[in-house]
Amino acid sequence: MQRRPLLIDLMALMGLTALALWLRWPALSTEGFHNEDVAGITYNADLLLKGLLPYVDNLEWKAPGAFFLSALSWWGFERDIVTLQRVMAGLATLAAWGVYWGGRLLYGRRAAIIAGLLYAGLSPITDSIDVNYGAWMIAPYIWATVFFIQGERSGQAGWTVASGATLAVAGLMKRQAATISPLLFLILLLGPWLRRPEGWAAAKPRLKGLALLGGGLALGFAPILIFYAGHHALTPFIKDYFLSQSGWHYVKDALPWGAKLGRLGDGFLGFGEYMASPTLLATLAFIAAARRPQLTLRGLLLGGHFWLSFLGAALGMRFFKGYYLQILPAAAWIAAHPEGPLSGWLLRPRRALGYWAAVVVLLLALVPAAIKDIGSLKDIRAMRRAPRDGAAAYIGRVIHKNTAPDDEIWIWGRWAWPVYFHADRRAPTRFYKVLGLITTPLTNTWRRAGEPTRFVRRAFWRTLIDDLEGGGPAFIVAARNEDFTDFSELRALLAARYRRVNHAQEGRFTLYRRVDFKLKHPPQTPQRAKRPQINKRPQANKRPQANKHPQANKHSKITTPPRRAPKTAKPAR
């Protein structure tokens with residue numbers, strides 16, 4: 001008899017695996033970038049494979065976990081985006097398993113199946129089937145919560161330690177994972193006063209619980225601290241990861257309060273745009289469960305998890321769709337509540353007239369939300385069948401054919417960041433990207449334009465120019481989305497020591513070569529490539545948004561290939 005529940009769980013996990021892999025299948029053989037932010041991950045992974053160190057051999061403000069996992073993936077397999085996509089498909093499946101098991105521990109198998117299906121089926125909308133920082137974070141973020149629930153349910157100390165260690169790993173993937181850490185400490189602190197489900201272990205002694213979770217966090221951070229200490233680089237790592245100046249600047253934000261409130265409104269509207277069905281179901285489940293208001297462990301955990309995850313998405317007030325991935329697990333667990341609309345209403349029919357009236361109202365609201373989410377799934381699956389960085393790939397191939405492995409290049413403008421990967425060349429300076437460093441930051445959200453980014457004369461500009469003058473990169477690529485009109489020193493350097501490369505002015509990019517650097521394989525005029533049409537709707541007289549590529553999809557920070565981009569081949573190795 002014991003084998004049947006295990007068999008049901010196994011079959012459910014196999015079904016979630018099949019669903020997750022089927023939805024993500026279009027991206028598993030697509031070689032190219034969907035989001036230019038990922039180029040920061042690939043650049044740092046290349047540094048590690050060459051024996052160099054992020055935070056030491058470059059100025060890096062992002063969390064380092066994805067750098068190391070990407071480098072490890074390339075060490076074992078090919079150096080291409082397809083490898084990372086396939087690793088990410090595995091991590092996404094692991095995340096869906098975590099949502100299932102969290103629902104199993106919280107409310108039983110029915111809730112587990114509902115939560116697992118909601119997450120596995122809808123997470124491709126928010127993660128864009130991509131390999132960006134949030135996608136690397138979400139699996140350990142979910143499992144840290146699951147281990148914490150298991151620790152509270154069983155009373156066993158090891159699960160609490162595992163929760164802290166896994167949460168540290170999630171924080172190394174993306175710092176926003178830290179937003180739920182106060183909640184876990186608070187639950188351990190309030191343990192004796194929280195109403196616990198029947199059959200769960202008694203609360204741990206407060207000091208013991210706090211020590212176990214804190215010890216787990218220390219254990220999770222220990223390997224990377226030891227790694228950097230072994231390379232005599234512990235101080236720069238602590239300074240740029242734990243005490244990140246750019247992170248505080250990002251959270252602080254320079255927007256006035258009126259603009260922040262408008263962007264907060266964008267954040268709430270994003271629930272309907274990117275996770276309509278789970279938001280509706282979670283809201284109705286909350287209303288149903290709130291009829292008996294009590295301070296319970298599960299209520300505090302799920303409610304706190306949801307809103308603190310929203311806080312993580314709200315940092316910087318930008319609210320792109322990838323940020324909602326952090327909120328989706330808690331929304332799925334709440335939506336699966338036994339008194340919620342799926343588990344408590346549709347799956348438990350009654351004869352009362354009021355029940356059927358409630359079901360009709362639910363369906364009237366749920367069907368449009370489901371249609372919206374299914375349409376978003378179709379769009380992202382269609383979009384991920386082809387790369388969106390054709391222009392960057394073309395310029396990268398031109399550079400790669402005309403340089404040796406020890407030649408260096410430099411890039412101005414975030415649209416061109418993928419060129420580093422496609423060319424397989426690094427920069428002669430620590431400042432391989434300068435967005436927010438010597439430029440204004442991005443201020444747009446998923447639904448509104450921001451101010452164009454432009455050069456700002458901050459502390460590092462002189463060091464950058466000295467590096468470029470001394471290192472003399474063979475090529476400089478300028479993306480025209482970031483204005484350097486006021487950067488007179490860079491313009492003077494380009495005018496004096498560089499020349500434009502004919503037939504390589506792809507889309508919004510300009511390629512410059514050093515005057516004494518001879519082209520072994522001059523580029524030919526590229527053939528025009530047809531831009532894929534994905535659910536195109538007429539938008540008469542609509543102006544391009546200032547901080548987005550003229551062909552960008554509103555649901556992503558990312559840009560589609562310019563109209564004249566050639567078809568993308570795999571990058572040269």
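## Basis of the description

Axes are lines fitted to C-alpha atoms, for helices over the stretch in contact, and angles between N-to-C directions run from 0 to 180 degrees. Helices (H or I, at least four residues) and strands (E, at least two) are DSSP runs, numbered from the N terminus.

The model is predicted: local features need pLDDT of at least 70, side-chain atom pairs count only at pLDDT 80 or more, and totals for chains, interfaces and linings use all residues. Residues are numbered from 1 along each chain as its sequence is written, and side-chain values use heavy atoms, with hydrogens and water left out.

## Packing of α4 and α5

Helix α4 (residues 81–107) packs with helix α5 (residues 109–127) at an angle of about 155°, and their axes are 7 Å apart. The helices α4 and α5 are therefore roughly antiparallel (an angle over 145 degrees).

The contact (heavy atoms within 4.5 Å) involves residues of α4 including Ala92, Val99 and Tyr107, and residues of α5 including Arg109, Ile113 and Tyr119. The residues of this contact comprise 12 nonpolar, 2 polar and 2 charged (Ala, Val, Leu, Ile, Met, Phe, Trp, Tyr, Cys and Pro count as nonpolar, Asp, Glu, Lys and Arg as charged, and the others, Gly among them, as polar).

## The four-stranded sheet

An open sheet of 4 strands has the order β1-β2-β4-β3, with mixed pairing (two strands pair if DSSP finds at least two bridges between them). β1 (409–412) and β3 (498–500) stand at the edges with a single partner strand each, so one side of each has no neighbour in the sheet. The twist from one strand to the next averages 25°.

Strands β2 (residues 475–479) and β4 (residues 509–514) run antiparallel and are joined by 5 bridges. Threonine 510 in β4 is the bridge partner of alanine 478. Helix α21 (residues 488–497) lies across β1, β2, β3 and β4, at about 80° to β3.

Notes. Parallel < 35°, antiparallel > 145°, perpendicular 65-115°, else oblique.
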